[in-house]
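Welcome, and thanks for taking a look at this protein with us. Please keep the viewer open as you read, and turn the model as each part comes up.

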Amino acid sequence: MALRAPASRRQARRTLAHVPRHVLILGGTTEARELAAALAAHPGVRVTTSLAGRVARPGAVAGDVRIGGFGGAEGLADWLRAEHVDTVVDATHPFAESITANAVRAATATGVPAVVLRRPGWRPGPGDRWHEVASLDGAAALLPGLAHRVFLTTGRLGLAAFAHLTDLHFVVRSVDPPEPPMPPHTEVLLSRGPFTLPEESALLRDHRIDTLVTKDSGGTATAAKLTAARQLALPVVLVRRPPLPEGVETVPDVAGALERLGLSL
C-alpha cells in the first residue's frame, strides 16, 4: 500500500500548536518515560508509548503501553489512523535509525504532526582522546592498532562487527545478554545505568581497560565512563549518530516536546 495522504489532509495538515487528544510516543529512553508521565498528568490527553520489546524488563511507563513493531511505515500509518493519533513524538534511542525513518514516513502519509526528541550528543573536552567513526565496523577497524583490552558499551546488538578480533579482550556491558556472534575473548557485564564516576573508574581499573568503545548516546546516565576515560588518559572510540531524515523537527528535551504540544511541565 502506497503511503500517500489524501490531498485535503495534506493541504490542511495539523500543526503542533493545539492541545493534542492522543499522543503516540515511540519510546525506550529515559526522556520517553518522563514525557509519558508529564502527558499523563494532563487531563484530556491520552498518551500511548510504543516499545520495541528488545529490553526484557523495561521501566514503568505512565499511560497506555504497546509492545512490538507496527509492521513498517505502512503499519504505523494504519495504526495512527485507527487510533486517531494527533501527534507522534519519536523519543527512541539516537541510533534507532529505521524506527525514526518509518515514523517520519507514516506521519507524512497521514498528515499527523511529528517531532523527534533527541538529547544532545556528547562533545569532547580538554584532555579527551576521542576517535570518532561512522559505524561499528569503523570502530572495529581502529582497534587492532589501538587496544588490547576493550570496554565495549555499544549495546547488545552489533557485536558481530568485532567478532573477528581474536587477539583482543572485550568487556561488554549491556542491559540484556548480547546477541552472538561475539569476539572469542569476551566478558559480559549485565547492568543498567545510571553509573557514577567512582564506579566507572573502578571498572576500568579492575578490568585493566586500555580503550573505551561507545556510541554517542548523549545524556548523563552513562556519561561518567567518558570522564573516567579522560582521567585515566584512555582513548575513546566514539560511534557518531546516524543523520536524521531531512526536514524533521527536533527538540532536545521533554520541556521542548511539551512546548511543541502546547503544554507545560
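This is a predicted model: local features need pLDDT of at least 70, side-chain atom pairs count only at pLDDT 80 or more; totals for chains, interfaces and linings use all residues.

## A buried glutamate

Contact here means heavy atoms within 4.5 Å. Once neighbours within four places in sequence are set aside, Glu200 is in contact with Arg173, Phe195, Ala224, Lys225 and Ala228.

Is Glu200 buried or exposed? Its relative accessible area is 2%, and the cut-off for buried is under 20%, so Glu200 counts as buried.

## The protein as a whole

Stepping back, the protein has 265 residues, and 46% of them are buried. Its secondary structure consists of 8 helices and 12 strands.

Among contacts with a separation of 6 or more, 67% are between residues 24 or more positions apart. The protein exposes about 12,600 Å², and 54% of that comes from carbon and sulfur atoms.

## The parallel sheet

Now find the open sheet of 6 strands, which pair in parallel in the order β3-β2-β1-β4-β5-β12.

At the β12 end, β5 (residues 114-117) runs parallel to β12, and 2 bridges join the two strands. Here Val116 stands opposite Thr250 of β12.

## Helices across the sheet

Helix α2 (residues 30-40) lies across β1 (22-26), β2 (46-51), β4 (87-90) and β5, and runs at about 165° to β1.

Helix α3 (residues 72-82) lies across β1, β2, β3 and β4. The angle between α3 and β1 is about 155°.

## A threonine in a loop

Finally, have a look at Thr166, in the loop that links β7 (149-153) to β8 (169-174).

Beyond its neighbours within four places in sequence, Thr166 is in contact with Pro184 and His185. Met182 is 16 residues from Thr166 along the chain, and their C-alpha atoms are 9.9 Å apart.

How values were computed
Residues are numbered from 1 along each chain as its sequence is written. Side-chain values use heavy atoms; hydrogens and water are left out. Helices (H or I, at least four residues) and strands (E, at least two) are DSSP runs, numbered from the N terminus. Buried means under 20% relative accessible area, exposed over 50%, partly exposed in between (1.4 Å probe, protein chains only). Accessible areas come from the Shrake-Rupley method with a 1.4 Å probe; for residues, only the protein chains shown count as cover. Two strands pair if DSSP finds at least two bridges between them. Axes are lines fitted to C-alpha atoms, for helices over the stretch in contact, and angles run from 0 to 180 degrees between N-to-C directions.
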